[in-house]
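Me: I would like to go through this model with you and ask, at each step, what a given description rests on. Please set each value against its criterion before you conclude.

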Amino acid sequence: MLSRFREPALWIALIALAATGFWWAGRDREPAVHNGRKVITWIVTISPLRDFYEQEVAEFERQHPDIEVRMIWVPGSEYHMKFKTLAAAGRTPDMFYSGDVWISYLLPFMSDLTPLVQRDAAEIGLDDYFPEIRAAMQRDGRYYVVPEAVNVALLYYNRRLFREAGLPEPAADWTWDDLVRAGKKLTRPATATDPGVWGCSRMEGWWGEWLIYVRQAGGTVFSPDGRRCVLDSAAAVAGLKFYLEKSSRFGISAPGGYEPVNGFVNQRVAMLVGGHVNYWLNYNQTPGLDWDVQLLPAGPATRRGGEVAIAGYALSNITRHREETWALMKYLTRPAAIAAIVNRGGIAVRRSVAEATLRDPLRQGSPRHLAAVYAQLKYAEPIPRHPDFIEIMLQVVQPEIDRMVMGEFGPEEAGRRAAAAVNQYLATFAGRTPP
Amino acid sequence: MKSRRAEQLWFWLFTGPALAGFVLFSLWPMLRSLWLSFCQYDVVSAPHFTGLRNYAYLIFSDPAFWPSIKVTLVFAAVQLPLSLAAALGVALLLNQPVRGRGFWRSVYFLPSILPQAASVAVFVYIFQSDGGLLNRVLALAGFTGPAWLGSPAWALPVVIMISLWGFGYPMVIFLGGLQNIPRELYEAAHIDGAGAWARFRHVTLPLLSPVLFFNVVMGVIGALKVFDVAYAFGAAQGLTPGGPARATLFYGLNLYQQAFTYFHMGLASAMAWLLFAVIMLITWLNFRLSRRWVHYGD
Amino acid sequence: MDQPRRSLNLLVVVLLVLGAAVMLLPLAWMVLTSLKTQPEILQSPGPWLPASPQWANYRTVWEGFAFYRFFLNSAFVAAMVIGGTLLTCCPAAYAFAYYDVRHKELLFGALLATLMLPAQVTVIPLFNAYAALHWVNTYLPLVLPAWFGGNIFGIFLLRQFFRTIPRSFIEAARLDGASEWTILWQLVVPMSRPAVLTVLVFTFLWSWNDLFNPLIYLHNESTYTLPMGLLYFIARAEQLAGGGTGQVPWHLVMTLATVMVLPVIVLFAIVQRRFVEGAAASGVKG
């Protein structure tokens with residue numbers, strides 16, 4: 001076989017090859033410094049804004065030749081999972097999204113920005129943010145987030161479908177009854193040639209829509225002290241009941257699990273309760289979609305209850321480049337950047353930008369009712385800042401809501417089961433982070 | 001070999017890496033996760049001992065635990081008989097003296113070794129309600145196919161149908177079992193005037209039952225560990241894996257999310273150990289019942 | 001006697017052909033779709049066959065979507081895993097097959113028992129350990145176990161095969177003064193080529209198809225292996241299409257899937273007979 005001479009040479013070559021392999025396998029993919037530039041990481045959801053963010057980052061890197069920004073692009077559906085896995089690995093990205101309830105939730109991973117915000121108050125134009133927004137940036141008087149955008153739950157509607165049904169567009173003083181009445185006229189069953197239209201959406205899988213009804217019916221998730229779940233209250237159950245009955249009784253929404261995929265964009269759903277401003281750009285880019293927004297219809301107890309949440313940037317508490325990341329945060333939230341985002345679709349967090357957009361005669365695309373957007377902010381409520389809120393809502397409450405939607409039991413039972421499950425959860429896991 | 005000592009030395013040298021790996025990658029993590037299963041551990045702070053609380057919470061309170069077991073068991077109860085029937089059917093065909101048996105066997109085996117991320121992607125495309133291959137074929141036959149995707153009612157059946165594609169492993173095991181059945185038995189039965197069905201019923205099936213049993217056991221264990229299909233099924237549709245409406249939240253996926261999305265590392269360890277306990281139980285049963293029929297070729 | 005036999009055979013062949021058609025249809029559809037154009041995909045109902053095969057799709061995904069990187073990453077990981085498996089499993093199997101050492105069977109039994117151990121049991125402590133070592137986001141967590149005899153099933157299969165080699169061969173080599181190391185690599189392994197090849201293909205498949213570990217350990221698009229690259233491509237396309245009209249470029253997705261599946265089919269074609277028998281012998285599945 002091999003000559004006596006060739007064998008050792010072969011083994012040496014193999015060992016060298018393996019060593020090279022291990023070197024490559026173990027190479028740090030995120031070194032603190034690469035090619036003499038400080039590397040900062042930013043985890044971002046893939047969205048139509050991808051090009052925009054990449055341009056922004058390129059310009060930022062041009063202005064800061066000593067910094068390299070690595071963007072970790074993640075599909076929205078897996079963002080939560082990916083972020084937490086990274087954090088668990090001690091690899092929290094230097095910059096990530098946060099705001100409102102997320103501040104409480106992600107607190108163990110965020111830097112206290114107060115010293116930076118106070119130092120650079122003039123530069124970042126702290127006074128330019130609306131007071132509500134400034135409040136949402138803080139927790140216990142400390143700053144954690146620099147906001148880029150704000151989302152508020154609205155009533156979205158398809159103008160063409162309203163026209164075709166011979167209906168006037170939704171009014172600011174609508175109630176649930178008006179929603180149902182219009183929904184019935186808009187609903188058109190599917191036929192062999194026509195996929196049909198549902199009058200109203202039914203957002204499934206998270207709290208986006210049903211929490212609005214619960215709160216508008218006078219209910220809420222947690223007792224004021226945050227120690228007990230009260231989804232079994234009569235008011236909360238009334239909200240869940242309306243959520244369910246939109247399809248089971250009024251027939252204006254698809255039954256459980258049959259919400260058409262991207263129904264509003266595909267013009268198979270005429271009205272969308274809740275929604276997200278992030279989709280404005282999608283909507284405006286979709287040919288033939290003529291849409292607008294209105295105040296949310298008022299519930300039996302109150303008009304309040306739509307969600308409002310800021311989306312902003314947080315800084316990792318284990319970052320290796322605090323000042324560099326802070327520089328990127330400031331860059332991405334400067335008025336010009338926020339104006340650019342608002343022009344693509346969104347609500348301004350800065351007063352200067354809001355005023356400029358409201359006045360801007362050249363502004364194109366929907367929504368035309370920008371005034372309704374800002375009016376809805378007055379009736380909106382933030383998500384309770386319970387540190388376990390997100391986990392509880394997704395892990396504990398939503399399974400029961402899902403089962404209600406699938407027809408396993410009614411709203412009373414769902415409320416009862418959810419409350420019991422949450423209270424059990426709190427008894428078992430509470431105290432992970434102090435409320 | 002020069003001496004016993006030298007043999008000892010070579011033994012430890014040769015098995016050293018594997019034994020070290022056993023300790024590092026199996027034994028230590030196994031014991032560590034057993035310990036974690038009695039702890040509250042959220043990565044951010046150090047684990048602290050909470051006794052049986054994780055187990056109690058899982059069994060009595062966790063709203064996702066039993067539903068995920070239900071998904072897993074429904075999957076096992078539907079997918080397993082169907083795939084075993086297909087595997088046995090093809091194995092019976094392949095057991096006939098047909099030309100190119102090796103070729104056919106490979107064709108039927110191939111799908112079970114393809115990367116599941118790819119095969120799920122292919123099937124997600126095939127199951128599209130609009131223009132998907134399946135609904136088009138159904139339309140040719142005069143049926144209107146449902147909207148397979150995005151519906152919690154259809155999600156699990158679709159995952160089951162996707163998994164049915166890969167019945168290669170039980171098939172080759174059946175085939176091995178069939179080939180071990182002495183031909184004389186068939187000939188004797190034939191002479192006794194037994195028809196094809198009677199021969200199958202009274203010769204093949206009894207002699208195949210140990211293999212069948214083995215396949216059932218492996219199938220149940222496989223179902224308990226399902227992850228890739230479930231994850232890919234969600235991800236290929238832009239859904240949070242497990243969706244829609246948790247219809248495909250398999251036990252393995254639920255465990256993964258508890259650990260890496262919700263940081264309930266202690267709770268997830270408890271889930272892992274419950275899974276392990278069930279697998280050990282099944283394997284033990286298998287061993288006890290199989291002593292009669294498995295002989296190791298020494 | 002002959003007549004019914006022949007008609008039975010015909011029936012068997014017909015059934016086998018029909019079954020095989022069903023089994024291969026998804027793959028055929030995958031390849032056909034990968035050769036279509038975007039408009040052909042979007043038509044409803046679109047054509048069954050592409051008007052003219054779009055081989056350019058392969059270039060598009062390979063270069064345009066940097067799929068070559070996922071491919072190379074997968075190939076690199078697989079190569080490292082195969083190297084480690086070969087280097088550590090062969091000696092272990094040899095030692096377990098031929099040496100007479102106290103507690104040998106016990107040790108071997110312990111190794112075999114880990115086949116039962118579900119990955120879920122070990123993943124959390126291992127993840128935490130890799131995190132503490134700052135090895136998350138490197139390939140080490142995917143590669144390292146293989147260098148520690150990570151493929152227990154491989155050791156089992158090799159041991160079974162090594163045992164069929166007559167001991168006298170080995171004794172003769174020892175009398176000639178060959179070292180154990182030389183006997184292993186120059187006598188036993190070459191004589192067991194089919195078994196070794198089977199183990200290598202098994203190892204390749206486990207590494208190539210693995211989704212679970214990359215999902216946990218790789219967090220940088222440039223490091224993704226094929227399964228993750230594929231799923232992220234779909235998710236990305238779905239979101240970029242704006243959740244819009246949900247227009248995923250399925251022709252490109254199918255191109256990616258084809259690229260991913262092809263090496264598996266080729267390798268399988270090479271070793272299929274032994275491989276299937278190995279699978280049958282073990283009944284052990286990934």
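Predicted model: local features only at pLDDT ≥ 70, side-chain atom pairs only at ≥ 80, totals over all residues.

Me: Why is Ala254(A) called buried?

Reply: A residue counts as buried if 20 or more other C-beta atoms lie within 10 Å of its own. Ala254(A) has 22 other C-beta atoms within 10 Å, and therefore it is buried. Ala254(A) is found in the loop between helix H11 (234-248) and strand E10 (269-274) of chain A, and its C-alpha atom is separated by 10.0 Å from that of Met203(A), which is 51 residues apart from Ala254(A) along the chain.

Me: What puts the buried residues of helix H14 of chain A on the same side of H14(A)?

Reply: The buried residues of helix H14 (residues 335-344) of chain A are Ile338(A), Ile341(A) and Val342(A). They cover an arc of only 100° around the axis, and so they lie on the same side of H14(A). An α-helix has 3.6 residues a turn, so residues three or four places apart point the same way. Just after H14(A), Gly345(A) takes a positive phi of about 130°.

Me: How is the packing of helix H4 of chain B and helix H8 of chain B described, and which residues make the contact?

Reply: Two packed helices are described by the angle between their axes and the distance between the axes. For helix H4 (residues 101-109) and helix H8 (residues 168-179) of chain B, the angle is about 150° and the axes are 9 Å apart. The contact is made by Arg105(B), Tyr108(B) and Phe109(B) of H4(B), together with Gly168(B), Met171(B), Val172(B) and Leu175(B) of H8(B).

Me: What can be said of chain B as a whole?

Reply: Chain B has 13 helices and two strands, and its C-alpha trace spans about 75 × 75 × 35 Å along its principal axes. Of the 298 residues in chain B, 50% are buried. Among contacts in chain B with a separation of 6 or more, 69% are between residues 24 or more positions apart.

Me: Which parts of chain A touch chain B, and how many residues does the contact take from each chain?

Reply: The contact takes 28 residues from chain A and 26 residues from chain B. Helix H3 (79-88), helix H17 (389-405) and helix H18 (411-429) of chain A each supply at least two residues of the side that touches chain B, and H17(A) gives the most, with seven residues. By class, that side of chain A has twelve nonpolar, nine polar and seven charged residues.

Me: Into which domains is chain A divided, and what joins them in contact?

Reply: Chain A is divided into domain 1 (33-151 + 309-379) and domain 2 (154-303 + 389-429), with 28 Å between their centres, taken over C-alpha atoms. The contact takes 20 residues from domain 1 and 20 residues from domain 2. On the side of domain 1 that touches domain 2, H16(A) gives the most, with five residues.

Note on methods. Residues numbered from 1 in each chain as written. Chains lettered and ligands numbered in written order. Contact = placed C-beta atoms within 7 Å. Helix = DSSP H or I, 4+ residues; strand = E, 2+ residues; numbered from the N terminus. Nonpolar A, V, L, I, M, F, W, Y, C, P; charged D, E, K, R; others polar. Buried ≥ 20, exposed ≤ 12 C-beta atoms within 10 Å, placed from the backbone. Domains from an automatic or database assignment. Axes fitted to C-alpha atoms, helices over the stretch in contact; angles between N-to-C directions. Arc of directions from axis to C-beta.
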